[in-house]
Amino acid sequence: MKFPFQEAPNTACLVCKHVLNKEKPILYVSHDADDGMWQFLCGGDHAEEDGKIVSLYSAYMLDDTVGQLVDMPCGYYAERISEKEDWK
């Protein structure tokens, strides 16, 4: 599987601990307007300490469907109800 993002695979991104620990799927993805950082979250409420910095490649390997969002501009987000649903 080819890495689809334009950013380098080792680009830092934010993943919540629920996703990183494979307790919950990625249901919310944002591409931040201020710094261009990608965030891959479960869609629940989080405390600051719930965020973990990983490589963009690692986040992609957790759920390769996030590769469908590579063209999402900074300042936008996508979400879905379950991991079986399409990104909106």
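Aspartate 32 is placed in the loop that runs between β2 (28–31) and β3 (38–41). The model described here is a predicted one. Although aspartate 32 is buried, it takes part in no salt bridge. The nearest side chain of opposite charge belongs to arginine 80, at a distance of 17 Å. A polar contact of 2.8 Å joins the side chain of aspartate 32 to the side chain of glutamine 39. With residues up to four places away in sequence left out, aspartate 32 touches Met37, Gln39, Cys74 and Gly75.

Salt bridges are found elsewhere in the chain, and their count comes to 2. In one of them, aspartate 50 is paired with lysine 17, and the closest N and O atoms are 3.5 Å apart. This pair links distant parts of the chain, since aspartate 50 lies in the loop between β3 and β4 (51–55) and lysine 17 in helix α1, 33 residues apart. Aspartate 50 has a relative accessible area of 10%, which is under 20%, and therefore counts as buried. Lysine 17 is partly exposed, at 32% relative accessibility. Another salt bridge is formed by arginine 80 and aspartate 63, with 2.5 Å between the closest N and O atoms. Here too distant parts of the chain are linked: arginine 80 belongs to the segment after β5 and aspartate 63 to the loop between α2 and β5, 17 residues apart. Arginine 80 and aspartate 63 are both buried.

Aromatic pairs number 7 in the structure. Tyrosine 28 and tyrosine 77 make up a stacked pair, with 5.3 Å from centre to centre and 25 degrees between the planes. Because tyrosine 28 lies in strand β2 and tyrosine 77 in strand β5 (residues 76–79), the pair ties together parts that are 49 residues apart in sequence. Both tyrosines fall in the partly exposed range, tyrosine 28 at 25% relative accessibility and tyrosine 77 with a relative accessible area of 46%. Tryptophan 38 and phenylalanine 40 also form a stacked pair, because their ring centres are 6.1 Å apart and their planes stand at 10 degrees. Tryptophan 38 is buried, at 2% relative accessibility, and phenylalanine 40 is buried at 0%. These two residues belong to one aromatic cluster, made up of Phe3, Phe5, Trp38, Phe40, Tyr57 and Tyr60.

The largest nonpolar core consists of 21 residues. The residues with the most contacts inside this core are Phe5, Cys13, Val29, Trp38, Phe40 and Val66. At least two residues of the core come from each of β1 (12–16), β3 and α2 (56–62).

A backbone feature is noted at lysine 22, where phi is near 60 degrees, a positive value in a residue other than glycine. Lysine 22 is located in the loop between α1 (17–20) and β2. At 67% relative accessibility, lysine 22 counts as exposed.

Technical notes: Residues numbered from 1 in each chain as written. Predicted model: local features only at pLDDT ≥ 70, side-chain atom pairs only at ≥ 80, totals over all residues. Heavy atoms only, no water. Helix = DSSP H or I, 4+ residues; strand = E, 2+ residues; numbered from the N terminus. Buried < 20%, exposed > 50% of the residue type's maximum accessible area, 1.4 Å probe, protein only. Lys, Arg positive; Asp, Glu negative; His and termini not counted. Salt bridge = Lys/Arg side-chain N within 4 Å of Asp/Glu carboxyl O. Polar contact = N/O pair within 3.5 Å; in protein donor to acceptor, adjacent residues only side chain to side chain. Contact = heavy atoms within 4.5 Å. Phe/Tyr/Trp six-rings, centres within 6.5 Å; stacked < 30°, edge-to-face > 60°. Core = buried A, V, L, I, M, F, W, Y, C linked by side-chain atoms within 4.5 Å.
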